[in-house]
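Colleague: I'm new to this one. Can you walk me through it?
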Amino acid sequence: MHGPSDGALSGSWCVSINKPATPTATAARAEIPWDQVKLDKSEAGELGVGSYGQVLLGDWLGTPVAVKTLHRAIATGKPLEEFEAEMGFLARVHHPFIVQLLGTSQKQHQVALVMELCPGGSLEDAVKAKQ
């Protein structure tokens, strides 16, 4: 499991399954053209960071989104397999307490998950505030 402390999307709890996405799950996600997603690469636009990538504030056709990207240098092998497994999982799951995958985007060796934006900070922040 990936939690907010290791770069998961703010306000969500993402689960990675350690196997590649099935063809059915892969087909269920929408492909979003890279040039339709505008990323806020400023410090304020960084929602999270982890060993595999970062989550940035973005805009997709006028809709605020969170964009989880995989670092280019590790966009192969096991990190890519885990990222694809997360894509497959999120494409199949629809629940009010799980962040919604809107689609995926790719450009050369960059891969991104375009997800609904969950305002309010991370789960980790909420737990610490209650203590």
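Colleague: Which residue does Lys68 form a salt bridge with?

Modeller: Lys68 pairs with Glu86. Their closest N and O atoms are 3.0 Å apart. Bear in mind that this is a predicted model.

Colleague: Where do the two residues sit in the chain?

Modeller: Lys68 is in strand S4, residues 63-70. Glu86 is in helix H2, residues 77-92. They are 18 residues apart, so the pair links distant parts of the chain.

Colleague: Are Lys68 and Glu86 buried or exposed?

Modeller: Both Lys68 and Glu86 are buried.

Colleague: How many salt bridges does the structure hold?

Modeller: Two. The other one joins Lys78 and Glu82, with the closest N and O atoms 3.4 Å apart. Both residues lie in helix H2. They are four residues apart, about one turn of the helix.

Colleague: Why does Lys78 count as exposed?

Modeller: Because its relative accessibility is 52%, and the cut-off for exposed is over 50%.

Colleague: And Glu82, why does that count as buried?

Modeller: Glu82 counts as buried because its relative accessibility is 11%. Buried means under 20%.

Colleague: New topic. How many residues are in the largest nonpolar core?

Modeller: It has 14 residues. Among those with the most contacts inside it are Phe83, Met87, Leu90 and Val111.

Colleague: Which element supplies the largest share of this core?

Modeller: Helix H2, with six residues. Strand S6, residues 110-116, also supplies at least two.

Colleague: What about a second core?

Modeller: There is a separate one of six residues. It includes Ile32, Val37, Ala112 and Val114.

Colleague: Last topic, confidence. What pLDDT does the protein chain average?

Modeller: The average is 75, and 74% of the residues score at least 70.

Colleague: Which elements have the lowest and highest mean pLDDT?

Modeller: Helix H1, residues 23-28, has the lowest at 41. Strand S1, residues 37-39, has the highest at 94.

Colleague: Where is the pLDDT below 50?

Modeller: Over residues 1-28. In the model, that stretch has 68 contacts beyond near neighbours in sequence.

Note on methods:
Residues are numbered from 1 along each chain as its sequence is written. This is a predicted model: local features need pLDDT of at least 70, side-chain atom pairs count only at pLDDT 80 or more; totals for chains, interfaces and linings use all residues. Side-chain values use heavy atoms; hydrogens and water are left out. pLDDT is the predictor's confidence in each residue, from 0 to 100. Contact means heavy atoms within 4.5 Å. A salt bridge is a side-chain nitrogen of Lys or Arg within 4 Å of a carboxyl oxygen of Asp or Glu. Buried means under 20% relative accessible area, exposed over 50%, partly exposed in between (1.4 Å probe, protein chains only). A nonpolar core is a set of buried Ala, Val, Leu, Ile, Met, Phe, Trp, Tyr and Cys residues joined through side-chain atoms within 4.5 Å.
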